[in-house]
Amino acid sequence: MRHRIALLVAPFLLLALLPGAVLAAPHRDARAEHRAAVLAYWTPARIKAAKPMDDTFDAVRGFHQAKGRPGGGGGGGGTGGTPSSVGGASWTTGGKPLTTTGRVLFTLSSGNYICSGSVVDDGDATDNHAIVLTAGHCVTENTAGSFATNWMYIPSFDTSPTYTCSNTSYGCWVADALYASTAFATAGSYNTTAIQNDWGFARVTTGGFDNSQVDGKLGTFGIQFGSVASGTVLTSFGYPAAAPYNGSDLIYCRNAVSFDLLAGNATYGMTCNETGGASGGPWVQATNTTTYADAVVTSLNSYRYTGGTKMYGPKFNSRTQAVFNAADAGGAPPTGVSWRDLP
């Protein structure tokens with residue numbers, strides 16, 4: 001019996017050693033687990049307590065990132081203006097700006113924060129991913145050398161400004177990877193190098209209520225990797241969350257841009273009173289300023305000067321395009337681009 005038992009057991013031992021036996025092990029989807037963990041992390045309490053990221057320049061301290069008050073309270077509002085010149089008003093027209101611009105939530109070493117972002121055209125709304133544009137300081141902490149975690153995008157937040165993903169208009173999308181310019185990621189502080197490279201991209205795959213791609217479902221803005229002339233009229237969109245705003249209303253400014261003399265004309269300036277939380281919101285150029293059907297993003301909300309009336313944004317260029325291309329391609333980027341694969 002001993003010999004017979006040994007013969008019966010041996011085939012099972014051999015099967016366990018065959019390569020095909022690996023298929024019997026439970027399949028682990030790291031990205032699905034990561035998305036579920038991020039969605040679980042953002043409880044209503046954490047979303048409500050997240051602070052607006054506000055980058056300003058102070059004459060004594062220089063550029064710095066102000067860790068703002070929680071963005072859950074406060075009142076809406078802002079200064080209005082004529083259709084051709086708006087310093088900060090509620091966007092009530094709907095269309096592409098509403099569905100394409102959203103609220104961004106993320107975690108840095110110092111806590112949970114709020115920014116804004118927009119979905120930009122990657123050339124194929126049917127592929128397996130979408131690209132969300134935001135500010136570099138909304139994806140990486142260039143003083144600590146680390147990327148954000150728990151990065152989540154909520155499109156069309158204005159139409160259902162709730163602190164629960166299941167109650168938003170379209171749901172939430174979680175970033176699988178974050179990309180930034182190495183020049184920004186290694187700047188060491190929010191200095192003149194940082195402000196010229198203050199853009200970041202999140203690569204997201206599926207999400208929302210129906211596990212869809214956000215670009216195919218809600219549309220995109222085009223993106224332009226070239227500068228615009230001084231005097232060009234652009235529109236800024238964002239979800240400012242510091243007073244007098246509350247982070248629940250899509251706010252816009254529409255004005256001619258100039259250049260920042262204190263930055264050597266290396267960045268744009270626009271009269272706009274959007275506050276912390278609007279960082280990363282797109283600056284778009286369009287001939288139709290009602291639907292913005294032909295809109296292209298040319299910059300984004302980056303920083304302000306303490307007590308000033310303008311918002312400033314970087315000039316998109318070949319370095320911006322390199323970061324975008326890396327995010328679109330996925331995986332490890334080329335030299336000059338930094339990234340974090342989040343799962």
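What follows is a walk through the salt bridges of this predicted model.

Some background comes before the selections. Side chains of opposite charge can pair when their charged atoms come close. With a salt bridge taken as a side-chain nitrogen of Lys or Arg within 4 Å of a carboxyl oxygen of Asp or Glu, the count is three.

**Stop 1: D341 and R31.** Select these two residues and look at the gap between their side chains. The closest N and O atoms of D341 and R31 are 3.0 Å apart, and the pair forms a salt bridge. D341 belongs to strand 24 (residues 337-341) and R31 to helix 2 (residues 30-41), so this contact ties together parts that are 310 residues apart in sequence. D341 is partly exposed, at 33% relative accessible area. R31 is also partly exposed, with a value of 31%.

**Stop 2: D176 and R35.** Now select D176 and R35, whose side chains form a salt bridge with an N to O distance of 3.0 Å. D176 sits in strand 11 (residues 173-181), while R35 is in helix 2, so the pair links parts 141 residues apart in sequence. Are these two residues buried or exposed? Both D176 and R35 are buried, which means that each has under 20% relative accessible area.

**Stop 3: K217 and D210.** Finally, select K217 and D210. Their closest N and O atoms lie 3.0 Å apart, in a salt bridge. K217 counts as partly exposed, at 38% relative accessibility. D210 is partly exposed as well, with a relative accessible area of 44%.

How values were computed:
Residues numbered from 1 in each chain as written. Predicted model: local features only at pLDDT ≥ 70, side-chain atom pairs only at ≥ 80, totals over all residues. Heavy atoms only, no water. Helix = DSSP H or I, 4+ residues; strand = E, 2+ residues; numbered from the N terminus. Buried < 20%, exposed > 50% of the residue type's maximum accessible area, 1.4 Å probe, protein only.
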